Amino acid sequence: MQTMPVAKLYDMDRLLQACRDYAEKTKRRITFEYALIHGVNDGDAHARELAGRLRDMLCHVNLIPVNDVKERNYIKSSAERVKRFASILSENGVETTVRRKLGSDIDAACGQLRRSHIKEKAMEK
């Protein structure tokens, strides 16, 4: 909720139950996008909690290592940390992939578009 204040509006348990119900009824897998931020939500305890919440659900987790965002003091998780997080999920039966890096060469990767927008606004002033 620290990084996504809108999450305060929705009960996480109810949301996850709705996901379970959907997956069971449709037999379609749900994909969760999980943005990893160093020191915020990328620890072993976070991975174990996520695995526990998703246990036995027909789902897939796409881990997204967020690029540095200075205005928020977000630091990209190390490759080792991302690998460990993915490993914990997999060991607990949660299908997991790590999003490959796209767009960083043109400042369009996760976390960078906002930074570019802020730079443009500053230059307009």
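The model is predicted, so local features are taken only where pLDDT is at least 70 and side-chain atom pairs count only at pLDDT 80 or more, while totals for chains, interfaces and linings use all residues. Residues are numbered from 1 along each chain as its sequence is written, and side-chain values use heavy atoms, with hydrogens and water left out.

**Overall fold and confidence**

The chain contains 4 helices and 3 strands, and from the N terminus on its elements run α-β-α-β-α-β-α. Helices (H or I, at least four residues) and strands (E, at least two) are DSSP runs, numbered from the N terminus. Of the 125 residues, 32% count as buried, where buried means under 20% relative accessible area, exposed over 50%, and partly exposed in between (1.4 Å probe, protein chains only). Among contacts between residues at least 6 apart in sequence, 73% join residues at least 24 apart; contact here means heavy atoms within 4.5 Å.

The mean pLDDT of the chain is 85, and 78% of its residues reach 70 or more, pLDDT being the predictor's confidence in each residue, from 0 to 100. Confidence is highest in H2, at a mean of 98, and lowest in helix H4 (residues 112-124), at 58. Where pLDDT is low, the predicted coordinates should not be read in detail.

The table sets out the two helices, with the expected span taken as 1.5 Å times one less than the number of residues.

| Helix | Residues | Length | Span, first to last C-alpha | Expected span |
|---|---|---|---|---|
| H1 | 12-26 | 15 residues | 21 Å | 21 Å |
| H3 | 79-91 | 13 residues | 18 Å | 18 Å |

In H1, the buried residues include Leu 16, Cys 19, Arg 20 and Ala 23. They lie on the same side of H1 because they cover an arc of only 100° around the axis, the arc being that of the directions from the helix axis to the C-beta atoms. Their cover includes strand S1 (30-36) and helix H2 (44-54), whereas the face of H1 turned away from the buried side carries the exposed residues Arg 14 and Lys 25. At the start of H1, a side-chain oxygen of Asp 11 comes to within 3.3 Å of the backbone nitrogen of Asp 13, and after the helix comes Lys 27, with a positive phi near 60°.

In H3, Val 82, Phe 85, Ala 86, Ile 88 and Leu 89 are buried. These residues cover an arc of only 155° around the axis, which puts them on the same side of H3. What covers them includes S1, H2, strand S2 (59-65) and strand S3 (95-98), and the opposite face carries the exposed residues Ala 79, Glu 80, Lys 83 and Glu 91. Just after H3, Gly 93 takes a positive phi of about 80°.

Val 69 lies in the loop between S2 and H3 and is buried, with a relative accessible area of 6%. Its C-alpha is 9.9 Å from that of Ile 37, a residue 32 places apart in sequence.

Ser 77 lies in the loop between S2 and H3 and counts as buried at 5% relative accessibility. Its side chain reaches the backbone nitrogen of His 38 at 3.3 Å, and a polar contact of 2.8 Å joins it to the side chain of Asp 42. A polar contact is a pair of N or O atoms within 3.5 Å; within protein, one must be able to donate a hydrogen and the other to accept it, and residues adjacent in sequence count only if both atoms are side-chain atoms. Leaving aside neighbours within four places in sequence, Ser 77 is in contact with Leu 36, Ile 37, His 38, Asp 42 and Val 82.
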